[in-house]
Amino acid sequence: MSIMKKVKQLPLRGMCSLYERSVLRVGVRHSCGDVKANTKGVVVGLYLKEDAGKEPKLTPTGQKVDGRVNGKLAELICETKLDGRLGRGRIFNSIDPEFGSVAVVGLGVEGIAFNELEMLDEGMENVRIAAGIGARSLQDEGVGAISVDGMDYAEQAAEGAALAVWRFPDNLAAKNMPLIPTLSLYDSSDADSWTRGIFKADAQNLARRLSDAPANCMTPTLFAQATVDALCPCGITVEVRTMDWIEAQRLNAFLMIAKGSCEPPVMLEISYCGAAPEEKPILFVGKGITFNSGALNMRPCRGMDEYRGSMSGAAACVGMMRACAALSLPINVTCVIPLCENLPSGMSCKPGDVVRLLNGKSMAIRDLDKAGVVVMSDALLYGQNTYNPRLVADVATLEMGVKKAFGGGATGVFSNSHYIWKQFQRAGSLTGDRVWRLPLWQYYRRQVTDELGYDLSNNGRGIASSCLSAAVLHELVPCADWVHLDTRGTGLLSQYGLIPYLTAKRMTGRPTRTMVQFLYQMACPELK
């Protein structure tokens, strides 16, 4: 058998340009002259050669595959000049009796670990990238069952592969349905870590599916139904509160935004009890504006369809709750999610309207484009009054300021607790979905409270939009430990500095895995 001289370039759709054209398809000619269609494939890693005198090194699993084919894999790696650079690799067909296709993907430097300057465990992230690129490349080749080398980090390999092969097929015709391959761990006994990684990736994929659905297919009522369908089979309690209940509770700020749309608002209360019932829960509040046009302060029409993802904070909370149940975390967690649309109509709130909050303070709604803090204000107050939580966290795509500051590189974090911030920082460094702390100073508080005719304004004064919105929310959490995650740059469409195992121009589902890792650290501090 001889190596085919003609090498076909394999496109990596949705990958960032750094990794485009990185995996090539190399076939081996059968005696009949054809390369047969592949149904099973395997992804193995290749470490970067450290100096000019050495060859790149396969992972132990890759070496076993190479030994089984009598060194043919190593020969092909040498002939195709693979050097182990991160994300670069090739697919070799018909060289192994068990797998029709073998994807060899670069892992970068062997033994790399935590990088303090990057605040990232680069060893874990490199495995996600390699597993994701390899799995997606085999998927594009039509491989239906993919085995993945654990590469010393089985959990991270599972995350990268499962996130990379996910697709949003809900609105496609049957004939256009994409192939979603089955994934399994190959040649490793660390099945528990692999399973944890699959659970975390499935949670983020659930958040991606909810966020990516068109606004007419994910109204507040439909989001509530999807949440019930996803969480109730896991033993999680989901209470769906409708308009009558919302009015009876006097959640007036929520209703001020919701009344602009004919879609009725919904309030979700989700409870996971993994510890003793008397133990105080951690409270999450997720922004659930299922479409945010800006109402009477209309946003630009170009790109407005992205704001179907204004409920991605709520979607991340739903995904996080499912992961909590799947991992059986010994902790109590409650989510309060206000769901509505923010649209212009004759019933819409008008710029300058004032509403009375549950805590008795008045808020001026001066900018309808900044409806997120208005919708979340009553939910935060209600959640604290009802559940007396040990910690309050809110997740929302609020302000453009954090997107302009970080792009898609990190989620902005505001917190009144240094301990909670350090826990989130550690969680982000492990998941590869990083966070970064922004100031929560009296300087910003004065810009949202120093008014003569009302207690708070929803937009404040000045241009530090993310800091001002955080200052408004901080006013509503006076005593408890609190953290605010602003995901405007990370939770919407994947556009800037694309992560190789996520799909370009689709919703990211971030920072679901970071939230899950945070809860794991809070539930099991001695094991973190």
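Which residues in α4 are buried? The structure examined here is a predicted model, in which local features need pLDDT of at least 70, side-chain atom pairs count only at pLDDT 80 or more, and totals for chains, interfaces and linings use all residues. Residues are numbered from 1 along each chain as its sequence is written, and side-chain values use heavy atoms, with hydrogens and water left out.

In α4, the buried residues are Ala154, Glu155, Gln156, Ala157, Ala158, Glu159, Gly160, Ala161, Ala162, Leu163, Ala164 and Val165. Buried means under 20% relative accessible area, exposed means over 50%, and partly exposed lies in between (1.4 Å probe, protein chains only). Twelve of the twelve residues of α4 are thus buried. Helices (H or I, at least four residues) and strands (E, at least two) are DSSP runs, numbered from the N terminus. Helix α4 covers residues 154-165 and reaches 17 Å from its first C-alpha to its last, close to the 16 Å expected. The expected span is 1.5 Å times one less than the number of residues. The cover over its buried residues includes α3 (122-140), β9 (145-149), β10 (182-186), α5 and α15 (512-523).

Helix α5 (residues 191-212) holds Asp212. Asp212 is buried, at 2% relative accessible area. Its side chain makes a polar contact with the side chain of Arg308, at 2.8 Å. A polar contact is a pair of N or O atoms within 3.5 Å; within protein, one must be able to donate a hydrogen and the other to accept it, and residues adjacent in sequence count only if both atoms are side-chain atoms. The Asp212 side chain also reaches the backbone nitrogen of Met507 at 3.3 Å. Beyond neighbours within four places in sequence, Asp212 is in contact (heavy atoms within 4.5 Å) with Trp166, Phe168, Arg308, Arg506 and Met507.

Gly41 sits in strand β3 (residues 40-47). Gly41 is buried, with a relative accessible area of 0%. Outside four places in sequence, its contacts include Phe99, Leu138 and Ile146. Val240 belongs to strand β11 (residues 237-241). Val240 is partly exposed, at 38% relative accessibility. Leu268 is among the contacts of Val240, as are Ala224 and Val228.

UniProt, in an unreviewed entry, places the feature "domain: Cytosol aminopeptidase" at residues 205-516. UniProt positions follow the numbering used here, feature names are shortened, and annotations may be inferred rather than shown by experiment. The span is 35% helix and 20% strand, and its end C-alpha atoms lie 13 Å apart.
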